[in-house]
Each structure stands twice: as structure tokens, then as C-alpha cells.
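My notes follow in the order in which I made them.

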Amino acid sequence: WRWPFDIDMVMKEVLPEFERQDFMGLIEQFLVTASSSSSSSSDIPRNNDNISNNNSNNNISKLHIVRGGKNPSWGDDPLLLPKLQKLETQFPQHFHVHVLPKAGHWVHTDDLLGLMTLWNRYERKIR
């Protein structure tokens, strides 16, 4: 796989705007939309609709956040983790927060095996 990455564009356009992003608002908007869509109509195509089986859980949009347990940035906002836990309680079918204790910021590099184990666990549930 080739993934183009323009570091100049990131430095000039993305990073200066990063602090102004309302990530919690985006997450909340997704969850409200996902929960209302899954409860209002089973005809709306959502993730995993291309997998043919009888598990109705496959038609539910989900958001998984994987955080590194050694990443100190998660402690920058003391309200962040409680907010995520509250959302996980409010939207248990749609939202999940996972912690990889051995990982820092780069979870895919710091604990690839843990990330793949997590992915496999989720992948088995949708099959």
C-alpha cells in the first residue's frame, strides 16, 4: 500500500487548526446519528452491510477509539476520559474505548500485536 503524506501541508494547514477542532462534538454527532439510524430503520445501509449473515449486530455503525496507556496526552484534559466513558455508557452498541497499556502515542507501532488482537476480536464479532 502506498499512502501519500505531505508533511508540508500538514505543518502549514492541519496542525495550526488542530486545537480548534471539536472532536468530542464530532463523536457525539456521529453517535446520535448512528443510534437514531439504527433504531429508526433497518433499511439504511451502514458499515458491514456487505457481509451476508443473520447477525443484526452487523448493521450497526460503530466507533472504536484505541488509546495508548503510556500516552501522557490523554491526561491533558482532565474531563476527556470521563466524557468518553459517559459516551460509552450512553451508546454501548455504537461506541467503545480501548486501552493498549504498552502503547504510547503511536499505538500501531508501540503495540502492533495488541492492536491486531483487538482488531481480530472485533472482526470475529461481525462475522
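Ile27 lies in helix H2; helices (H or I, at least four residues) and strands (E, at least two) are DSSP runs, numbered from the N terminus.

Before going on I noted the basis: this is a predicted model, in which local features need pLDDT of at least 70 and side-chain atom pairs count only at pLDDT 80 or more, while totals for chains, interfaces and linings use all residues. Residues are numbered from 1 along each chain as its sequence is written, and side-chain values use heavy atoms, with hydrogens and water left out.

I then listed what Ile27 touches. Not counting residues up to four places away in sequence, Ile27 is in contact (heavy atoms within 4.5 Å) with Leu63, Ile65, Leu84, Leu87 and Phe95.

I found ten residues in it: Met24, Ile27, Leu31, Ile65, Trp74, Leu80, Leu84, Leu87, Phe91 and Phe95. Helix H2 (23-40) and helix H3 (80-90) each give at least two residues to this core. I also checked Leu31, which touches Leu87, Phe91, His94 and Phe95 when residues up to four places away in sequence are not counted.

I stayed on helix H2 for Ala34. Ala34 counts as buried because its relative accessible area is 4%. Beyond four places in sequence, Ala34 touches Ser61 and His94. I also noted 7.4 Å between the C-alpha atoms of Ala34 and Ile60, which are 26 residues apart along the chain.

I turned to His98, in strand E2 (residues 95-100). Which side chain does the side chain of His98 join in a polar contact? It is that of His64, at 2.7 Å; a polar contact is a pair of N or O atoms within 3.5 Å, where within protein one must be able to donate a hydrogen and the other to accept it, and residues adjacent in sequence count only if both atoms are side-chain atoms. Leaving aside neighbours within four places in sequence, His98 is in contact with His64, Ile65, Val66, Arg67 and Leu118.

Last, I took down the overall figures. I counted five helices and two strands, in the order α-α-β-α-β-α-α from the N terminus. Of the 127 residues, 29% count as buried. Among contacts with a separation of 6 or more, 64% come from residues 24 or more positions apart. The accessible surface is about 9600 Å², with 57% of it belonging to carbon and sulfur atoms; accessible areas come from the Shrake-Rupley method with a 1.4 Å probe, and for residues only the protein chains shown count as cover.

Note on methods:
A nonpolar core is a set of buried Ala, Val, Leu, Ile, Met, Phe, Trp, Tyr and Cys residues joined through side-chain atoms within 4.5 Å. Buried means under 20% relative accessible area, exposed over 50%, partly exposed in between (1.4 Å probe, protein chains only).
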